[in-house]
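Me: I've got a structure open and I'd like to learn how to read it. Could you walk me through it?

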Amino acid sequence: MLRQVEGSRAVADAVALCRPEVVCAYPISPQTHIVEALAAHVKSGRLSPCEFVTVESEFAAMSVAIGASAVGARAYTATASQGLLYMAEAVYNASGLGLPIVMTVANRAIGAPINIWNDHSDSMSQRDSGWIQLYAETNQEAADLHVQAFRIAEELSLPVMVCMDGFILTHAWEQVDTPSQEEVDAFLPAYEPRQVLDPADPVSIGAMVGPEAFTEVRYLAHARQMQALELIPDVASRFAEAFGRNSGGLVHPYRTDDAETIVIALGSVLGTIKDTVDEMRRDGVRMGVLGITSFRPFPLDAVRTAVGEARHVVVLEKALAVGIGGIVTANVRMAVTPERVSTVIAGLGGRAITKASLHRMLADAIAGRLEPLTFLDLNHELIGNELARMAAGRRSGPMAENLLRDLGAVASRIG
Amino acid sequence: MFEVRVHGRGGQGVVTAAELLSVAAFLEGRHAQAFPSFGSERTGAPVVAFCRIDDHAIRSREPVVRPDAVIIQDVTLLHQVHVFEGLRPEGYLLVNSTRGFDELGIGEFVRDFRRDRLLVVPATELARQHVGRPVPNAALLGGFAALSGRVSLESVTTAIGQRFAGRVAAGNIAAATAAYEFVRAEQEEMRNAQAG
C-alpha cells in the first residue's frame with residue numbers, strides 16, 4: 001500500500017513483514033523510532049510470534065541477537081553512532097560466527113564533539129567487521145533493502161547492516177509502498193540455519209581457533225562476501241520481478257554512459273547530487289552519478305564498468321579517515337586509475353549538502369581546480385581564529401567550545 | 001516544486017505541521033517530502049521543518065533555502081533566527097500573531113511583498129479555544145490552505161484526522177477550520193477594500 005509515512009515507520013513495517021522472531025534494541029537517536037514502532041507491532045500482536053527484548057546496552061542488544069540467531073531465530077536490531085561502537089566487539093562476533101542477523105544503522109556522527117546529526121562515520125568504522133553493508137538512497141529503498149537483507153543474510157549465513165541516513169531519511173516523510181504480508185512471505189523463505197544450538201542435537205558454536213585454521217576461517221568469510229557480489233544483484237532482480245521496482249543491487253549508475261565526470265556517493269545525498277547533475281547537463285556538461293549501494297562487499301567490477309572512460313571521478317563522502325582522507329575513495333581507487341579520483345568530504349555531523357555548494361564544487365572539478373582532498377563549505381575563518389589562539393599561547397582551551405563561542409548564536413542559520 | 005519552511009519552537013508542533021502538510025499534499029495525489037531540521041528537540045528551542053510539494057518524485061534533500069512560503073509559529077523568533085532567508089517578495093508569509101506586520105517590526109521588510117500573500121493569524125488563540133492548549137500548528141495549516149490554495153482544507157483536516165484521534169483530532173480540525181475561515185474573511189475584506 002502506498003502511504004505518506006515517516007522513514008522509520010516504513011522500515012519498521014517492512015521489518016515486521018519479514019517476521020523476525022527476536023527484536024532487541026537499546027534506544028539511541030536517530031534509530032529510536034524504528035524500534036518503537038516494532039515494539040508497538042509486537043505489543044499489538046501484529047508481529048507474532050516475536051519476542052521484543054529491551055536490553056541494557058547496545059553490547060547486550062547484539063549479544064541477544066547473536067544468541068537468538070544461534071538457536072535458529074530470525075533476529076533483528078537497530079542502532080546508531082556511539083551505540084554501534086559500544087556493540088563493536090559483538091558486531092565482529094556475529095559475522096565471525098556466520099549468524100545472519102539484520103541490523104539497521106541510522107547513520108549518525110561519532111563524538112567527540114558529541115553530535116546527534118547524520119554522517120557515515122559510524123557504519124564506516126565497521127566496514128571491515130565482516131558484515132555486508134547496504135546503503136539506502138530513499139525511504140522506499142531503505143524499506144525494500146530490509147526485505148532483501150534477510151534473504152541475502154540467510155542464504156549466505158552472514159549478517160547484513162542496512163545503513164540509512166539518520167534524520168535525513170529516518171525522520172523524513174515521503175511516500176513509501178509497503179508490500180503485503182503474502183508478497184513478502186512469497187519472497188522470503190523461512191530461515192533454514194546452517195548451524196543451530198539445539199539440545200536435541202548438541203553442537204558448540206564459537207570454538208577457539210588457533211593459527212592452524214584462523215586464516216582459513218577468514219578466507220571463507222571473504223569468499224562468502226565475494227559470493228554476495230553475485231547474490232546481491234540476483235536478489236535485487238528477483239525483488240524487482242516480485243514487487244515491480246528497482247531497489248538494492250550493487251550500484252546505481254545515473255547518466256554515466258557519456259559522462260566525462262562522475263560523482264560517486266552513498267545514501268540519501270544521491271538525490272541532491274542527481275538534481276544538481278541534471279541542472280549541469282542542461283548547460284551541456286557531461287556529468288553522471290554513481291551510487292554505491294553495496295559498500296561491503298565492495299563491487300570493484302561494477303564500479304570500474306560504470307566509471308568507464310570518464311576522465312574524472314569525484315567521490316563525495318560523509319566520513320573522514322583522519323590522517324589520510326576519504327574511505328570510499330580508497331576503495332574506488334582500487335577500481336579505477338587512482339590519479340582520476342578526487343575526494344570531497346561533505347555533510348559531516350549533519351552539515352547540509354546544498355545544490356549551490358555542489359554546483360560550486362563541481363564547477364571546480366570540471367575546470368580542473370579541485371584539490372585531491374576538499375572539505376565542502378569549510379569555514380576557513382573559524383579555523384583561522386582557532387589556529388591563531390593556539391599560536392598565541394599554550395592554554396588555548398577546549399577547541400569545540402572556542403569555535404561555538406566564535407559562531408555566536410546557535411541554530412540561527414537555515415542551510 | 002513548492003517549498004515551505006515552518007519556524008517555531010520545540011513543543012509547538014513545528015515538525016508535525018510539516019508532516020501533516022506533506023500528508024495533505026499526498027492525499028491530493030502529489031509527491032511530498034517533509035523533514036525536520038534535526039536539532040535535539042528541546043522544548044522552547046528554535047525548530048525548523050521543511051515541506052516540498054511537487055508533481056514528480058522529489059529527490060533533493062537539502063534544507064529549503066529558497067522557500068515559496070514561510071510559516072512562523074512563534075514571533076519571538078523573528079529577530080533571533082534567519083526566518084526570512086531565501087524568501088522572495090512573491091512568496092507567501094503566514095505569521096502566528098494578533099499583531100500586524102508593522103507592530104511586529106517587519107513592516108519595512110515585507111513592504112515589497114504581495115499584500116495578498118501576507119497574513120497574520122491568531123493561531124495560538126484559536127488553538128486555546130478549540131484544542132485547549134496553545135499549539136498553533138493545525139490552525140496555521142488551515143490558514144495556509146486558505147492563503148496559498150496549495151492544499152485544500154479538506155485534505156488538511158483529513159491529515160489531522162489520520163494522525164490524531166478523538167477530542168485532539170476534533171479540536172485541531174476545528175482550529176484549522178476556524179483559521180481557514182479567518183483567512184478567507186481577511187481576503188474578502190482585502191478584496192472589498194481594493195474594489196472600494
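Reply: Let's go from overall shape to helices, the sheet and the chain contacts. This is a predicted model, where local features need pLDDT of at least 70, side-chain atom pairs count only at pLDDT 80 or more, and totals for chains, interfaces and linings use all residues. Residues are numbered from 1 along each chain as its sequence is written, while chains are lettered from A and ligands numbered from 1 in the order in which they are written.

Me: What radius of gyration does chain A have?

Reply: The radius is taken over C-alpha atoms, and the globule rule is 2.2 Å times the number of residues to the power 0.38. Chain A has 22 Å, which agrees with the value near 22 Å for a compact globule of 415 residues. Its C-alpha trace spans about 70 × 55 × 55 Å along the principal axes.

Me: How many helices and strands does chain A have?

Reply: Both are DSSP runs numbered from the N terminus: helices are H or I with at least four residues, strands E with at least two. Chain A comes to 15 helices and 15 strands.

Me: Is helix α1 of chain A mostly covered or open?

Reply: For α1(A), residues 7–17, 11 of 11 residues are buried, including Arg9(A) and Asp13(A). Just after α1(A), Arg19(A) takes a positive phi of about 55 degrees. Across chain A, buried residues make up 49% of the 415.

Me: In which order do the strands of the open sheet run?

Reply: Strands of a sheet pair through backbone hydrogen bonds, either parallel or antiparallel. Here two strands pair if DSSP finds at least two bridges between them. The 7 strands of chain A go β3-β2-β4-β5-β7-β6-β12, with mixed pairing. At the edges sit β3 (51–54) and β12 (294–296), each pairing on one side only. Strands β6(A) and β7(A) run parallel, joined by 4 bridges, and Leu134(A) stands opposite Val162(A) in β7(A).

Me: Which residues of chain B are nonpolar, polar or charged where chain B touches chain A, and how many of each?

Reply: Contact means C-beta atoms, placed from the backbone, within 7 Å. By that count, 26 residues of chain B are in contact with 26 of chain A. Strand β2(B) gives the most to chain B's side, with 6 residues. That side divides into 13 nonpolar (Ala, Val, Leu, Ile, Met, Phe, Trp, Tyr, Cys, Pro), 5 charged (Asp, Glu, Lys, Arg) and 8 polar (the others, Gly among them).

Technical notes:
A residue is buried if 20 or more other C-beta atoms lie within 10 Å of its own, exposed if 12 or fewer, and partly exposed in between; C-beta atoms are placed from the backbone. Two residues are in contact if their C-beta atoms, placed from the backbone, lie within 7 Å.
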